[in-house]
Amino acid sequence: MSVRRIWASLSTLAIAAVAAIGVAGPASAAAGGYVALGDSYSSGVGAGSYLSDSGDCRRSTASYPYLWQAANSPASFDFVACSGATTSSVASSQLGVLNASTSLVSVTAGGNDVGFADVMQDCVLGSEATCLASVDAAVGQMNSTLPGSLDALYDGIRAGAPQAQVVVLGYPRFYQLSGSCIAGLSEAERAAINNASDVLNDVLAKRSADAGFTFSSVVDEFTGHELCSGDAWIHSVTVPIENSYHPKAAGQSGGYLPAFRSAV
């Protein structure tokens, strides 16, 4: 069973248990307000079609939050995810839109805390040894400082939206190993980067479960659509540079949106 389905099953069991003892659970997702928090993977960097008032946050009408609200018409929609956001900047600048009537929250955060952009720069521009050392340093942060940062963010979300269902989405693996790429990073570098994504997702899953949130992995949805697959839903190094290693519009609609929809 996939990670996403395991967490979806646990969430279903938890809801059933709450109902059995007569305690009210979160309101229906579309009945109240929906708030989309997080970093560039939620704002839709790489998908194009950016809202004119979103500036450097690059909020896209092709992003999964925008697509979900268009299909489900929640009572209100606050789209505040922003490119470059960390757990602390989400906590300090995005949570103000949460309130007691918020019934659904989505969030991606954690990748920028551990410097994934810098890791990819080291891997593209540096030696294999430099790349692997950079990946190892990021994994170290995932296991040491990131859990506390996530706990602080999740506490803030729950305080701001006490009745909301909160869905934490993970990050895709970047590479299909033994794939179609004949140049670029070595297989060892690609494998290390994929492993780091798995570690990050494991940390997100554990901290979100402890907070009582739903974790939804996107790994299954992106399988077969990684870099080196021949049908990538993720940009490689590209122009504009900020699109690099972000989902394309197809990754938002075919990857993130189904993963989010299945958890709501």
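**Notebook: the chain and its core**

I started with the fold and counted 10 helices and 5 strands in the chain; these are DSSP runs numbered from the N terminus, helices being H or I with at least four residues and strands E with at least two. The model is predicted, so I noted that local features need pLDDT of at least 70 and side-chain atom pairs pLDDT 80 or more, while totals for chains, interfaces and linings use all residues. Residues are numbered from 1 along each chain as its sequence is written, and side-chain values use heavy atoms, without hydrogens and water.

Next, burial. Of the 264 residues, 49% count as buried (under 20% relative accessible area, 1.4 Å probe, protein chains only).

Then I looked up contacts, meaning heavy atoms within 4.5 Å. Among those with a separation of 6 or more, 74% join residues 24 or more positions apart.

Which residues have the most contacts inside the largest nonpolar core? I found M142 and I157, in a core of 65 residues. Helix α8 (residues 187–210) gives this core its largest share, 8 residues. Such a core is a set of buried Ala, Val, Leu, Ile, Met, Phe, Trp, Tyr and Cys residues joined through side-chain atoms within 4.5 Å.

I went to M142 and found it in helix α6 (residues 128–144). M142 is buried, at a relative accessible area of 0%. Leaving out residues up to four places away in sequence, M142 touches V114, F116, P147, A196, V199, L200 and V203.

Beyond its neighbours within four places, I157 contacts L37, L95, L98, V105, V107, V166 and F213.

Technical notes: Buried means under 20% relative accessible area, exposed over 50%, partly exposed in between (1.4 Å probe, protein chains only).
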